[in-house]
Amino acid sequence: MRLPYRESAAGLDVALYGIPWDGGTTNRAGARHGPREVRSQSSMMRSVHHVTGLQPFRIARVADVGDLSVNPTDIGDTLERIAAGVAAIVRAGAIPLGVGGDHLTTLPVLRAVARSGPVGLIQFDAHSDTNDTYFGNSPYTHGTPFRRAIEEGILDPRRTIQIGLRGSLYDPAEHDWARAQGIRTMYMEECVRLGPERVMEEARRVAGDGPTYVTFDIDCLDPSMAPGTGTPEIGGFTTREAQQMLRLLDGVRIVGADVVEVAPPFDLSGITALAGATVLFELLCVVASGCRQARG
Ligand SMILES: [Mn+2]
């Protein structure tokens with residue numbers, strides 16, 4: 001977004017940052033290159049939201065604090081580095097707005113933003129990401145972060161909604177655990193039936209008034225519009241539907257947000273990275289609106 005680079009989040013309301021890591025990816029890797037390409041496409045963002053007239057860079061002090069430190073050969077070390085990096089942003093009083101990286105990166109981010117208790121979650125995703133283990137005994141993959149987060153007590157499943165689920169499953173009971181915890185799972189078929197406004201009515205009802213994290217897996221979009229991702233699923237949202245839904249986050253108490261799973265090696269002409277950058281701008285606008293509301 002052509003923002004100034006800052007080494008720390010001190011003095012900022014919102015800190016944009018990247019996580020160039022895809023070590024939790026189970027099949028098609030590449031999201032480690034996401035921050036670089038989203039940053040590149042984000043240079044196309046202008047300063048005024050065309051629907052709301054909101055000017056996020058005037059309302060909020062925003063900067064790019066660069067990419068977090070990661071370790072491409074060590075999952076545990078990387079999760080600790082991410083949590084420490086985001087904790088520093090939160091301690092400085094800024095709202096973290098991140099670009100992944102695969103979806104496992106959201107787990108350590110939640111560890112950092114949930115310091116004073118579990119948070120709610122609004123998750124746009126083709127997949128629930130609440131599986132237990134992969135390959136026999138791997139608990140940390142991009143298909144497991146929200147199960148781990150609930151087990152760790154940092155995510156409140158009763159204030160969690162998953163929007164846009166679809167695609168073939170590993171097991172007929174794959175989503176039973178999530179539902180048993182109280183997660184509101186919303187399949188794409190229901191999203192189509194309800195339409196964006198009623199989907200987001202339900203999201204705001206589930207999230208309530210408490211602190212809420214927003215995570216946008218780019219694979220919630222249809223692969224015709226976002227082909228550059230690790231686990232594409234046809235029958236997804238259009239970019240326009242995504243924009244409609246994101247604008248209806250206004251009023252939610254957002255404590256952080258991210259856009260994950262942009263995988264440039266599978267992208268065409270930067271179209272997925274452009275979608276990621278534009279989603280980030282939409283998220284920035286609702287977060288900045290929240291900063292303004294908090295100031296009165
Ligand atoms: Mn995901």
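In the protein chain, residues 24 or more positions apart account for 78% of the contacts with a separation of 6 or more (two residues are in contact if their C-beta atoms, placed from the backbone, lie within 7 Å). The model is predicted: local features need pLDDT of at least 70 and side-chain atom pairs count only at pLDDT 80 or more, while totals for chains, interfaces and linings use all residues. Residues are numbered from 1 along each chain as its sequence is written.

**Whole chain**

Start with everything selected. The protein chain has nine helices and eight strands; helices (H or I, at least four residues) and strands (E, at least two) are DSSP runs, numbered from the N terminus. Its C-alpha atoms fill a box of roughly 50 × 45 × 40 Å along the principal axes. Of the 296 residues, 54% are buried. A residue is buried if 20 or more other C-beta atoms lie within 10 Å of its own, exposed if 12 or fewer, and partly exposed in between, with C-beta atoms placed from the backbone.

**Strand β1**

Select residues 14-18, which form strand β1. Five of the five residues are buried, so β1 is largely enclosed by the rest of the structure. Val14, Leu16 and Gly18 lie on one side, and Ala15 and Tyr17 on the other.

Strands pair if DSSP finds at least two bridges between them. Gly18 stands opposite Asp67 in β2.

**Helix α8**

Move to residues 239-247, helix α8, where Ala242, Met245 and Leu246 are buried. Look down the axis of α8: its buried residues fall within an arc of 100° (taken from the directions from the helix axis to the C-beta atoms), so they line one face of the helix. They pack against α7 (188-207) and α9 (271-295).

**Annotated residues**

Select His103, Asp125, His127, Asp129, Asp217 and Asp219, which an unreviewed UniProt entry annotates as "binding site". They span 117 residues in sequence, yet no two of their C-alpha atoms are more than 12.1 Å apart, so they gather at one spot. UniProt positions are given in the numbering used here, feature names are shortened, and annotations may be inferred rather than shown by experiment.

Zoom in on His127, in the loop between β4 (119-124) and α5 (145-151). His127 is buried, with 25 other C-beta atoms within 10 Å.

Finish at Asp219, in the loop between β7 (212-217) and α8. Not counting residues up to four places away in sequence, Asp219 touches several residues, including Asp125 and Thr231.
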